[in-house]
Amino acid sequence: MVVGKHVKKDRQGGFARCYELLSLKTYTVYAGKIISKSRICKPHQKQKILREVDLQRDLKHRNVVEFISYFEDDDNVYIILENCSRKSLVHVLKHRKCLTEPEVRYYMQQLVEGVQYVHGHRIIHRDLKLGNMLLNENMDLKLADFGLATRVDFEGERKMTVCGTPNYIAPEVLQKKGHSFEADIWAVGCIIPMSYAFPNESRSDPMGRLGNALSQMQLNSCSENLLEEKELEVIEKRSTRQSPVSDSHTPTVKLVSKEVTSDIMSIDSTDSPHQREQSKQGSAAVLLDVLSSCLDHMPKDCRLHPSPVIDSNIVWVTKWVDYSNKYGFGFQLSNDALGVLFNDTSRILMSPDGRSIQYCDLTGKLTPFTLDSVPDELDRKTTLLQYFARYMDEHLIQGGDLECSQHSDPGWPSSLYLKKWFRTTKAIVLYLSDGTLQVNFFEDHTKLILSHVKSDFMVTFIDPARCAKTYNLCHIIHEGCQADIVDRMAFARSMLKNLVDIEGADI
């Protein structure tokens, strides 16, 4: 057991506080991860800590933070670890602004060796990122934070839990197709270009930096091949046999011109990383370009909102239930249609009157039916749909006072449904099949909805009192709006970039 005294507070994470601790016996400085027991009231939270300790306890490698001790008292749980006094690569990039390619290869070789060792112990880290790549006094890289890690119990096992940091999560994790060691290799592939940071890039927009790094930096041919590899052993061999490159191979930035006319926002996005294929109107890529143009060119520090739109006819998600740990994700739209996205990626929709149902299987085949004639093979999923519907009706309230226009379309648009969703620590992000992006913020229960209505793009803000107002983006770009909406629009842009980079431009 480490007996010592507190030296200084190092950092605070989402679940624990980290301190530098001095041993009074050896005068060695350790890192102390201290978790208040008031924050681990639920059994699964305590199990998460014990799992982290169990996974890291026996790991002994020069590129993995060493586990020292674990104990607890009446107030706290203490995890004592090797101290990494140079903090993380995030801090290096913050002060250095950019790394050269030889430096990136130096760190990536150590990252790969650490990940190889962890995988050799049948452990998937599941949260590899720049912030978890710590540096000791000698600037040696150490893998840290095994809070989301898991052990593969048998050959071929696929984990189903959706976890990680959004900018680094592999597609199979988000799509709930089951994941294994390959999810870490995907994260390594994200980290490589993320290690090239540019002075003009927003520090709060790492996904934008990743996209620009991939599309704009000039790498030698060996490094380009390195980014395409799927096996850690091959990556390691390529990274160790590279010869140093001259300054001519350091990252360079191309400027993308953007022009705004009086009523139409046009963007020259020839070099945009999001334009992998021709974008269609109403796609996520188009919405992303329009939103980015608005945020870049709108007046700053405005104290007033523009005049709201009276009748915008926006369809949005008014209720949702996340039961993805077992079945799937249930939702209700503002037109009263209901649906469930099942964990196997199929979906089922119910019309507003509850009579018509449409099922879409894994291949995209549509099967329409009614409650009076449910196919035998769809009986279970139809029952689950009714369960979700009953739960939302009995236990949930509408998310806002934004009503769907009743005279817009007398028919049921069964082509409109929730297409994708994912969580972050701040919000849940919902993307509809018509290109509408909705972000529900956890802390204050506000909502931001970005939609395309006829020929206009709209932004709807629902405040903590569930009062909704809709604004035309063209008005915002000329007149501006208050910070509460601007900040949420900026967050929505980063989420939209994440969605486009993972799912493609025309999702």
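This is a predicted model: local features need pLDDT of at least 70, side-chain atom pairs count only at pLDDT 80 or more; totals for chains, interfaces and linings use all residues.
Biologist: How many salt bridges does the structure hold?
Modeller: The structure holds 19 salt bridges (a side-chain nitrogen of Lys or Arg within 4 Å of a carboxyl oxygen of Asp or Glu).

Biologist: Which residue pairs with glutamate 52?
Modeller: Lysine 33 does, at 2.8 Å, N to O. Glutamate 52 lies in helix 1 (residues 43-56) and lysine 33 in strand 3 (residues 29-36), 19 residues apart. Helices (H or I, at least four residues) and strands (E, at least two) are DSSP runs, numbered from the N terminus.

Biologist: Is glutamate 52 buried or exposed?
Modeller: Glutamate 52 counts as buried because its relative accessibility is 5%; buried means under 20% relative accessible area, exposed over 50%, and partly exposed in between (1.4 Å probe, protein chains only). Lysine 33 is also buried, at 14%.

Biologist: Which residues are linked with Lys33 in a network?
Modeller: Glu52 and Asp145 are linked with Lys33 in a network of salt bridges.

Biologist: Turning to arginine 488, what is its partner?
Modeller: Arginine 488 forms a salt bridge with aspartate 444, with the closest N and O atoms 2.4 Å apart. Arginine 488 is in helix 12, and aspartate 444 is in the loop between strand 20 (437-441) and strand 21 (447-453). Arginine 488 is buried, at 15%, whereas aspartate 444 is partly exposed, at 25%.

Conventions:
Residues are numbered from 1 along each chain as its sequence is written. Side-chain values use heavy atoms; hydrogens and water are left out.
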